[in-house]
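Here are some notes to read alongside the structure. They take the pockets, then the cavity, then the sheet and one of its helices.

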Amino acid sequence: MKNFALIGAGGYIAPRHMKAIKDTGNNLIAALDKHDSVGILDSYFPSAVFFIEFERFDRHIEKLRRNGVPTDYVTVCSPNYLHDAHIRFGLRVDADVICEKPLVLNPWNVDALMEMENETGRRIHTILQLRLHPAIIALREKVKTAPPGKKYKVDLRYITSRGHWYQISWKGDIQKSGGIATNIGIHFFDMLLWIFGDVKQNEVIEHNHHTASGRLTLEKADVNWFLSIEANNLTQEQKENGQRTFRSLTIDGEQFEFSDGFTELHTRSYEEILKGNGFPISETKKSIELVHQIRNGK
C-alpha cells in the first residue's frame, strides 16, 4: 500500500483521484485545499489529515518523512498556474508526482521539471486518460496502418456551458488557467497529436474568454476545432432539451464515438502509473507548446 498526499482536494477533478487512490488499494494520508468544503473526503478517506494552509501541510509531510512514514506520491489537482510549484514540492519531499492536465502552462517549464526529475531521482506523471480509451487506441492503430500519404479530415467541436462563476474564478484568468484552449482543450489536443502526428501549421481564428477556434495541419490530418463555454453556441434544439454540453469528433465526415468508457480512466491511469507504465512528462510537451502558441497568437 502506497501513501498519497493530495493538493487541491476541493476541486472538480479531485474526487476522480480520490477514487483512483482507493480503487488501487492505496491510502490518502493528507490533503490540502484553501477551501474547507471537502466533505467528499468522507466518502473515500475520512482519516486523511486535512489542511487549508500550505505551510502546515508542508510541515506535516516533512514530519512524517522524518519519522519514517514516507509520502510515496503527491497528487496535484490545484489550479493550473500552481502545478509547477506543487510538483516541485512533491519532488522535494522525495515523492513521485501525479499531476492533472495541463501539467504546466509553458513548454520551458517542462524542461526545468525534467531536470529536477534527474536531480532527485523521482518521477512526474501526468493524466493522459484519453490515451487509455479503447476506441481512441483503436483509432490510432487504424491511422498508423493507413496507406502512405493518407490525410484525414477532422472536425472537433466541444461546448461545455459554464455559468458566470467561471470568469470570476481562477479559470477565467488567462494568466492562471491558460485560457479556453488550455483549460478545456488540452486533453483533446494531446489526443489529436497522439493519433495524427506533429503540428505542421497552426492557425488561430478566435481566442477570447469564452470561445476559441482554429485550424491545424497535422502530419496525417487537417483539423478544424471549436471550443466554447458559452451556452449560446448550443443549437436551439439542444437548449430546449436541457443539454449543456455537446461534444463531436468527425473523421472524414463520420462521427467518431468515444463518449462511453470515461468513468474508470483515472483509475486505469493510476494502475498503469503504479506498474511503472505512466506517461513521462516529455509526452506532454507538444500539446503544451501548441496551446501556448494558441493563446499567444504565435
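**Notes on a predicted model**

1. The lining of the second largest pocket divides into seven charged, three polar and two nonpolar residues. The model is a predicted one. This pocket has a volume of about 210 Å³. Its lining consists of Arg-131, Arg-140, Asp-190, Leu-193, Trp-194, Gly-197, Asp-198, Ser-282, Glu-283, Lys-285, Lys-286 and Ser-287. Helices H9 and H12 each supply at least two of the lining residues.

2. The largest pocket holds about 1,400 Å³ of space. It is lined by 45 residues, and those closest to its centre are Gly-11, Tyr-12, Ile-13, Trp-170 and Lys-171. Two or more lining residues come from each of helix H3 (83-92), strand S7 (152-160), helix H6 (165-168), H9 and strand S11 (245-251). H9 gives the largest share, three residues. By class, the lining has 20 nonpolar, 15 polar and 10 charged residues.

3. The structure also holds one cavity of 30 Å³ or more. The volume of the largest cavity is about 40 Å³. Residues lining it are Lys-101, Pro-102, Leu-103, Thr-126, Leu-128, Ile-186, Asp-190, Thr-284, Ser-287 and Ile-288. Helix H9 (186-196) and helix H12 (285-296) are the elements that give two or more residues to this lining. Its classes are five nonpolar, three polar and two charged.

4. Leu-32 has Phe-51 in S3 as its bridge partner.

5. Is H11 mostly covered or mostly uncovered? It is mostly covered, with seven of its 10 residues buried. The buried ones are Leu-265, His-266, Thr-267, Ser-269, Tyr-270, Glu-272 and Ile-273. Their cover includes S1, helix H1 (14-23), S4, S5 and S6. After H11 comes Gly-276, with a positive phi near 90°.

Definitions and conventions:
Residues numbered from 1 in each chain as written. Predicted model: local features only at pLDDT ≥ 70, side-chain atom pairs only at ≥ 80, totals over all residues. Heavy atoms only, no water. Pairing = 2+ DSSP bridges. Helix = DSSP H or I, 4+ residues; strand = E, 2+ residues; numbered from the N terminus. 1 Å grid on protein atoms, 1.4 Å probe; cavity = no way out; pocket = protein on both sides within 12 Å on 5 of 7 lines; lining within 4 Å. Points joined across faces, edges and corners; volume = space filled by probe spheres on them. Nonpolar A, V, L, I, M, F, W, Y, C, P; charged D, E, K, R; others polar. Buried < 20%, exposed > 50% of the residue type's maximum accessible area, 1.4 Å probe, protein only. Contact = heavy atoms within 4.5 Å.
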